[in-house]
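Okay, thanks for coming, everyone. Let me put the model up, and then I'll talk you through a few pieces of it.

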Amino acid sequence: MKQYVKPITVMLSIILLCGGLLAILSDLLFVTQEERINRAINKIYSGEDVKLEQTIDLSTVDMTEFNDLGVIKACYKLSNDDYLVLSTGKKGYSNGTVTTYVAIDINLKVRNVVEDSYTGQTLMAKLSGLYQSFIGKSATQSQEDISEIVTGATKSANAASNSVYVALQLVSLVIGG
Amino acid sequence: MGKLKKIASDGLIFSNPTLRLVLGTCPTLALTTAASNGIGMGLAVTFVLICSNVLISLLKNVIPNTVRIPAFILIIATFVTVVKLVMDKFLPDLYSSLGVYLPLIVVNCIILGRAESFAFKNPVFDSALDGLFMGLGFTGAMTLMGAVREILSNGSIFDISIWNANSFSIGFFGSSAGAFLTYGLFIAIFNYVVNKIQKKLAKKEAK
């Protein structure tokens, strides 16, 4: 029994030491949602003075018909009248998802798309130029039209296009009242 | 001074983890599509190597032999998480481009190998130097490979365009197969040069 005391004590001490250090650092280095939104805005409108104006209340918008394709996490109105939508597209490779920030202008056209995160084996969504190919796509286009624009479309690209599609539909509903 | 020179030359040249020991091949193949990825990953590994080597060397008399590997993993995982938190906060673009390979540093053979073979047996200062030079050796190889692949496949280096990639580029070098070929060529050239140097040094010593 004595032989187990030292290893257990040492391991517990290391766990406490490392855990304590990480707890302090994760508190100090925590990236807030607001910071993430500002990063996305800076990427999309590099050089332009665009700011977050208001958070759109999504409780009155019915998006249930698009639940199979994606989920809206948040929607923001920007100072240049554009909308910024944080949406997650489903049906990626191996049921993976892709979450993106989609900037949509007042004419319901995609201004730019920035990847936020992905889950599952959706690394192919990082194909260079994938997100740029969504620029200019409109809310009047069908989901198939938006998916088809991606050259050499993969299942992962499918999740990304679903994310853009649901974002366009949301803004269309918000603007349409 | 002689010891410092030996640790430095081992880490950078004679026991270069990437090109001589062929360790850490997974991030080497996957992340050398661009020079900036190589330098980012290399510096992250260097930081983890130095910190884990120092802490393991400090605790070498306390950690029982029976639990040394789980203890090493715990310490390495802590420093990898620190790197992850810092990168997410201050270098979000690099953090997203390194993706899954950043947390995978925990199981990088270079770090666990140096902890087991060097830090657990040597004093703190030497272990820190070993971590520094092994890390720099890894960073150098990664950056050089990344630069060559980026130039050939994109016509740019560190995202700065050298020539119009539409007029001349070899896209193959940006692919997985291109990574294997580049890595193989690097290993061949590096080993050829290092073997020549070693022969020269041996001749000098014999005289």
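Let's start in chain A with strand β4, residues 97–104: seven of its eight residues are buried, so the strand is largely enclosed by the rest of the structure. Buried here means 20 or more other C-beta atoms within 10 Å of the residue's own, with C-beta atoms placed from the backbone. Helices (H or I, at least four residues) and strands (E, at least two) are DSSP runs, numbered from the N terminus.

Quick housekeeping: this is a predicted model, where local features need pLDDT of at least 70, side-chain atom pairs count only at pLDDT 80 or more, and totals for chains, interfaces and linings use all residues. Residues are numbered from 1 along each chain as its sequence is written, and chains are lettered from A and ligands numbered from 1 in the order in which they are written.

So who sits beside β4(A)? Strand β3 of chain A, residues 83–89, pairs with β4(A) in the antiparallel sense over seven bridges; pairing takes at least two DSSP bridges. There, A:Thr88 has A:Thr99 as its bridge partner. Strand β5 of chain A, residues 110–119, also runs antiparallel to β4(A), joined by eight bridges, and A:Ala103 stands opposite A:Asn112 in β5(A). β4(A) and β5(A) make a hairpin with five residues between them, and A:Leu108 in the turn has a positive phi of about 65°.

Now over to chain B. Chain B has eight helices and two strands, in the order α-α-α-α-α-α-α-β-β-α along the sequence. Of its 207 residues, 37% are buried.

Notes. A residue is buried if 20 or more other C-beta atoms lie within 10 Å of its own, exposed if 12 or fewer, and partly exposed in between; C-beta atoms are placed from the backbone.
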